[in-house]
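My notes follow in the order I looked things up.

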Amino acid sequence: MRYLLVTLCISLLSSCASTEICTREIKSSDSEALAIVRASQKAHGTEAFSKIRDLSVRYEGAWASIAPRFQPVLVDSKFRGASEERIILSSRVVAQNHQGLGGEKGVLRNPGSTSIAYNGQLSKDTEATQAAALVADAYTLFLLGPFYFQPSSAVFVMNGESRVDDELCDEVLAILRPGFGVADEDRVVLYVDRSTKQLRRVRMTLNGLDSTRGSEVDVTFRAFRRIGGVLWPTDFDERVRSPFDLQAHHWNLLGLEINRGLRPADLNLGKWTAKAAKPTAALSR
């Protein structure tokens, strides 16, 4: 056993890579990058998205066997398996009801504040709360894609090109201030398909938690579906990219409903109203 652990550590250390996301100071956007972001929004359905007020979604996923060992607080794998999640877009209120082997975890994320509860009991754990804030913001990005930046005070600049699933993509670096969760700043590389303008991947920093600061992950989006006039990814594949390169998480969007008419009062922590609590309808086949 000891030999296996040593071998594992050597393997992981040998796969370490320096941070690849640009860290230099950038104060203003460039026109080419802005044009690509807007083109991606258009390809995903700008007009239809403008009519969306709230979203109800249902996810189910599985964690890679090794990833939770390195970021146990962020991953919280005993509670984060399947989830029902609600987003009110105008106020960016995010409510999540996670289910896992440990039971139920509730999250309520408002701009500037986050509350969590485990099996109905309010938690005052600062690190767990900060992790939940980071996750809520990140998952909003993963679902909304290019619309996460609409409106946005982010700075956008070109970052080169690369391939995702063999498709040539333009890379746009977005600098977010504030960042995800309690971070002062985070940086996100958007991989926009040069042909279709679909957002195929994001790579991001995780500065909202002491234990993840300096780390980077990417999430690749696949199996797009056009629902309500908007193009949504339904397959999400996450890898840790720095300081190690390893598989982290795979999940699927199983249900999505648009405009239930939700209000913040419907999403009290652990006490959703009937309108909010109704399970999200499955995606049609």
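This is a predicted model: local features need pLDDT of at least 70, side-chain atom pairs count only at pLDDT 80 or more; totals for chains, interfaces and linings use all residues.

**Entry 1: cavities.** How many cavities of 30 Å³ or more does the whole structure hold? My search turned up three. I went to the largest cavity, which has a volume of about 80 Å³. I found 13 residues lining it, and Gly81, Ser83, His98, Tyr139 and His249 lie nearest its centre.

S1 covers 54–63, and it is joined by S2 (82–88) and S15 (246–258) in supplying at least two lining residues each. I then sorted the lining of the largest cavity by residue type and got five nonpolar, five polar and three charged.

**Entry 2: strand S4 and its partners.** I moved on to S4, residues 103–110. Why call this strand largely enclosed? Because six of its eight residues are buried, the rest of the structure largely encloses S4.

I checked the pairing on both sides. With S3 (residues 93–100), S4 pairs in the antiparallel sense over seven bridges, and a hairpin links S3 to S4 through two residues. With S5 (residues 113–118), S4 also runs antiparallel, joined by six bridges.

Gly106 was handy for tracing across: its bridge partner is Asn97 on one side and Ala117, in S5, on the other. The hairpin of S4 and S5 has two residues between the strands, and there I noted Gly112 with a positive phi near 95 degrees.

Entry 3: A reminder to myself: in soluble globular proteins, nonpolar side chains tend to be buried together. Here the largest nonpolar core has 57 residues, and Phe142, Leu143 and Trp232 have the most contacts inside it. Which helix gives the most to this core? I get H6 (residues 126–144), with ten residues.

Leaving aside neighbours within four places in sequence, Leu143 is in contact with Leu55, Val57, Tyr59, Ile87, Trp232, Pro233, Leu253 and Leu256.

Terms used:
Residues are numbered from 1 along each chain as its sequence is written. Side-chain values use heavy atoms; hydrogens and water are left out. On a 1 Å grid over the protein atoms alone, a cavity is a set of points where a 1.4 Å probe fits but cannot get out, and a pocket is an open set with protein on both sides within 12 Å along at least five of seven lines; lining residues have an atom within 4 Å of a point. Grid points are joined across faces, edges and corners, and a volume is the space filled by probe spheres set on the points. Helices (H or I, at least four residues) and strands (E, at least two) are DSSP runs, numbered from the N terminus. Ala, Val, Leu, Ile, Met, Phe, Trp, Tyr, Cys and Pro count as nonpolar, Asp, Glu, Lys and Arg as charged, and the others, Gly among them, as polar. Buried means under 20% relative accessible area, exposed over 50%, partly exposed in between (1.4 Å probe, protein chains only). Two strands pair if DSSP finds at least two bridges between them. A nonpolar core is a set of buried Ala, Val, Leu, Ile, Met, Phe, Trp, Tyr and Cys residues joined through side-chain atoms within 4.5 Å. Contact means heavy atoms within 4.5 Å.
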